[in-house]
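Please look at the sequence and the model shown below before reading on.

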Amino acid sequence: DVYLTFTLILGILCEIVFIFLGKNIISSLYNLNGESLNYAYQYLIVAGPTVLFNLWIFIFSCYFRSNNNTKIQAKVTFISLLINLILDYTLVFGIFNFKGIGIIGCAVGTTIGLLSGLIMYLINYKEKINLKINIFELKKMVKLYFPLLIDEIFNSTILTLFITSTISKFDQNVIGSYNV
């Protein structure tokens, strides 16, 4: 499907930007340096593919909602969140004889949680996935999907980055209060 191909390309481009410019972006946006910057960058590198996963999940959730099938969306959200929470706790802090791996564990938990949601959507997607692009489908995509994507990117990414980068300039109590 042309939408999946477009988001694949967009996700790969985002990951390339994260790898080469991520540390500078994080440092500028969140005013981080030293050890905090290194932790944030480690998380970004491991969890970078989640941009692609989130884009695909957005497409699938729109597809199922437009077909009046919100049960799949609810199941996917619940199960991927549960997987994320369990893996985050286990991989960050450790359990039994397994010693936690900190921030990298959190990134791995997030990535696997979102990937599991994406897999559940793919299993429930009844149409054959076609990764060929033709001009008619590309025009249709730009008309229908691109405005929704811009809205999603603005509301879920740019606005969130702006707010959190602004809040990060304050002390930790303000940041904690905002996050709660």
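**From the whole chain to single residues**

Seven helices and two strands make up the secondary structure of the chain. Here helices (H or I, at least four residues) and strands (E, at least two) are DSSP runs, numbered from the N terminus. Along the sequence these elements follow the pattern α-α-α-α-β-β-α-α-α. The model is predicted: local features need pLDDT of at least 70 and side-chain atom pairs count only at pLDDT 80 or more, whereas totals for chains, interfaces and linings use all residues. Residues are numbered from 1 along each chain as its sequence is written, and side-chain values use heavy atoms, with hydrogens and water left out.

Some totals describe the chain as a whole. Of its 180 residues, 29% count as buried; buried means under 20% relative accessible area, exposed over 50%, and partly exposed in between, with a 1.4 Å probe and protein chains only. The accessible surface of the chain is about 11700 Å², and carbon and sulfur atoms hold 68% of this surface. Such areas come from the Shrake-Rupley method with a 1.4 Å probe; for residues, only the protein chains shown count as cover. Among contacts in the chain with a separation of 6 or more, 71% are between residues 24 or more positions apart; contact means heavy atoms within 4.5 Å.

The packing of helices comes next. Two packed helices are described by the angle between their axes and the distance between the axes. How do the axes of α4 and α5 cross? The axes of helix α4 (residues 70–93) and helix α5 (residues 103–124) come within 8 Å and cross at roughly 155°. Therefore α4 is roughly antiparallel to α5. Axes are lines fitted to C-alpha atoms, for helices over the stretch in contact, and angles run from 0 to 180 degrees between N-to-C directions; those under 35 degrees count as roughly parallel, over 145 as roughly antiparallel, 65 to 115 as roughly perpendicular and the rest as oblique. The crossing of α4 and α5 is right-handed. A crossing is left-handed if the near helix is turned anticlockwise from the far one by less than a right angle, and right-handed if clockwise.

Residues of α4, including I72, V76 and L87, meet residues of α5, including V108, I112 and M120. The residues of this contact between α4 and α5 divide into 12 nonpolar, 10 polar and one charged. In this grouping Ala, Val, Leu, Ile, Met, Phe, Trp, Tyr, Cys and Pro count as nonpolar, Asp, Glu, Lys and Arg as charged, and the others, Gly among them, as polar. N84 counts as buried because its relative accessibility is 17%. Beyond its neighbours within four places in sequence, N84 is in contact with G109, T110 and G113.

Helix α5 also meets helix α3 (residues 50–66): their axes come within 9 Å and cross at roughly 35°. The crossing of α3 and α5 is left-handed. Among the residues that meet are F53, W56 and F60 in α3 and L114, L118 and Y121 in α5. The contact of α3 with α5 has 10 nonpolar residues, six polar and no charged.

Two further residues complete the tour. Q42 lies in helix α2 (residues 34–47) and, at 33% relative accessibility, is partly exposed. Q42 and I104 are 62 residues apart in sequence, yet 6.6 Å apart in space, C-alpha to C-alpha. F96 is placed in the loop between β1 (94–95) and β2 (98–99). Its relative accessible area is 80%, so F96 is exposed. Phi of F96 is near 55°, a positive value in a residue other than glycine.
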